[in-house]
Structures are given as structure tokens and as C-alpha cells.
Amino acid sequence: MLKMIGVLLVVTASTGLGFSVSRDLKLRIDQLHYLRKLMLMLQGEIKYVKAPLPEAFASIGRRIREPFQDFFAGVAQDMDHCEGETFQEIWDRRIREDLKETRLTKADLESLRHMGENIGYLDHEMQLGTLGLYTEQLENEIHAAEKVFGSKSRIYHCLGVMGGIFIAILIL
């Protein structure tokens with residue numbers, strides 16, 4: 001009886017692990033979509049409102065949800081209280097501090113970090129061009145992630161169940 005309970009727990013745990021990994025893939029895609037939306041909002045603030053970067057980040061930071069809310073609001077606040085840091089240093093620090101709990105990959109964060117290298121010191125037109133280029137990169141990354149999700153999600157589900165059954169057979 002005790003063995004059966006153990007087998008059931010192992011199968012349940014491994015199945016849950018497979019579904020959890022699949023859910024993380026989906027959350028990454030959702031966060032990439034949301035980040036793309038935020039970049040479009042930032043473009044709008046710069047292009048139509050003609051807002052300087054600190055004001056644009058603050059405005060967007062008040063209207064969005066976590067985890068990006070802390071990031072945008074923090075960048076705006078740090079830029080306003082400029083304590084000898086360059087925009088790039090603020091940007092990098094905020095990415096490390098505020099976006100570490102996201103499901104974005106290291107490559108996603110590196111791409112975002114690279115975009116911040118160029119946006120901080122350029123004029124409005126160059127900022128818009130940089131944001132446009134980054135938005136295109138995000139669209140490509142979203143497309144690739146969605147393509148991968150379709151196949152890997154099912155694999156993770158099956159691996160979770162089959163791995164649990166395999167371990168259960170070994171236990172018995």
C-alpha cells in the first residue's frame with residue numbers, strides 16, 4: 001500500500017514538473033508580447049507627446065502592471081535623481097534588479113540591455129529608430145518562441161508523465 005502511494009506521488013510530481021516547464025514557456029511568450037506593447041507605448045510617448053525619456057518612462061510606469069511597472073518607474077526615478085550614473089548604467093542595473101523574476105531568457109534580457117545602450121543619448125528620431133528596430137526583433141523572437149512552444153509544450157507534458165511512470169516502474 002505504501003509503495004502505491006509513493007508511486008502515485010512520483011507520477012503526480014513528475015507530471016506537475018512537465019506542466020510547470022510548459023507553463024514557463026507560455027509565460028515567456030506572454031511577457032514578450034507585453035514588452036513589445038510597452039515599447040510601442042514608449043514610441044508613442046516620444047513621438048506624439050514629445051516627452052523626454054524620464055517623463056515617458058514615468059508616464060508608462062504608472063499605467064502598466066508588474067514586473068515591468070517597477071522597471072519603468074525605477075528607470076524614471078533614477079534618471080530624475082541622476083547621481084552620476086549614465087543612462088546605460090541605470091538601465092543595466094534596473095534590468096538586473098527589476099526583471100530577474102521574469103520568465104525572459106538571458107538572451108531576451110541581453111537584447112533589452114543592448115537596446116538601452118543606444119536609446120539614452122540619441123535625439124528623438126534616433127530613439128524612435130532604435131525602438132522600432134527593437135520592436136521588430138521582439139516580433140521575430142515572439143514568432144520563434146510561439147513556434148517552439150507548440151512542439152515543446154507537448155513534449156514536456158509527455159516527458160513529465162512518462163518520466164513519472166518510468167520511475168514508478170523502477171520503484172515497483
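1. Asp92 lies in helix 4, where helices (H or I, at least four residues) and strands (E, at least two) are DSSP runs numbered from the N terminus. At 17% relative accessibility, Asp92 counts as buried; buried means under 20% relative accessible area, exposed over 50%, and partly exposed in between, with a 1.4 Å probe and protein chains only. The C-alpha atoms of Asp92 and Arg62 are separated by 21 Å, the two residues being 30 apart along the chain.

2. On the source of the coordinates, this is a predicted model, in which local features need pLDDT of at least 70 and side-chain atom pairs count only at pLDDT 80 or more, whereas totals for chains, interfaces and linings use all residues. Residues are numbered from 1 along each chain as its sequence is written, and side-chain values use heavy atoms, with hydrogens and water left out.

3. The protein chain has six helices and zero strands, and from the N terminus on its elements run α-α-α-α-α-α. The radius of gyration, taken over C-alpha atoms, is 21 Å for the protein chain, well over the 16 Å that the globule rule gives for 172 residues, so the chain is more spread out than a compact globule; the globule rule is 2.2 Å times the number of residues to the power 0.38. Taken along the principal axes, the box filled by the C-alpha atoms is roughly 70 × 30 × 25 Å.

4. Of the 172 residues of the protein chain, 40% count as buried. Where contact means heavy atoms within 4.5 Å, residues 24 or more positions apart account for 68% of the contacts with a separation of 6 or more.

5. The largest nonpolar core has 36 residues, and those with the most contacts inside it are Met39, Phe57, Phe68, Phe72 and Trp91; such a core is a set of buried Ala, Val, Leu, Ile, Met, Phe, Trp, Tyr and Cys residues joined through side-chain atoms within 4.5 Å. Helix 1 (2–47), helix 2 (53–63), helix 3 (68–80), helix 4 (87–98), helix 5 (106–119) and helix 6 (124–171) each supply at least two residues of this core, and helix 1 gives the most, with eight residues. Leaving aside residues up to four places away in sequence, Met39 touches Phe72, Leu112, Met115, Leu131, Tyr134, Thr135 and Leu138.

6. Helix 2 deserves a separate look. Its buried residues are Leu53, Pro54, Ala56, Phe57, Ser59, Ile60 and Gly61, and the buried residues of helix 2 pack against helix 1, helix 3, helix 4, helix 5 and helix 6.

7. A cis peptide bond, with omega about 0 degrees, joins Glu66 and Pro67, and Pro67 has its place in the loop between helix 2 and helix 3. Lys50, found in the loop between helix 1 and helix 2, has phi near 60 degrees, a positive value in a residue other than glycine, and at 56% relative accessibility Lys50 counts as exposed.

8. Val161 lies in helix 6 and is partly exposed, with a relative accessible area of 29%. Although Val161 and Val10 are 151 residues apart along the chain, their C-alpha atoms are separated by 9.7 Å.
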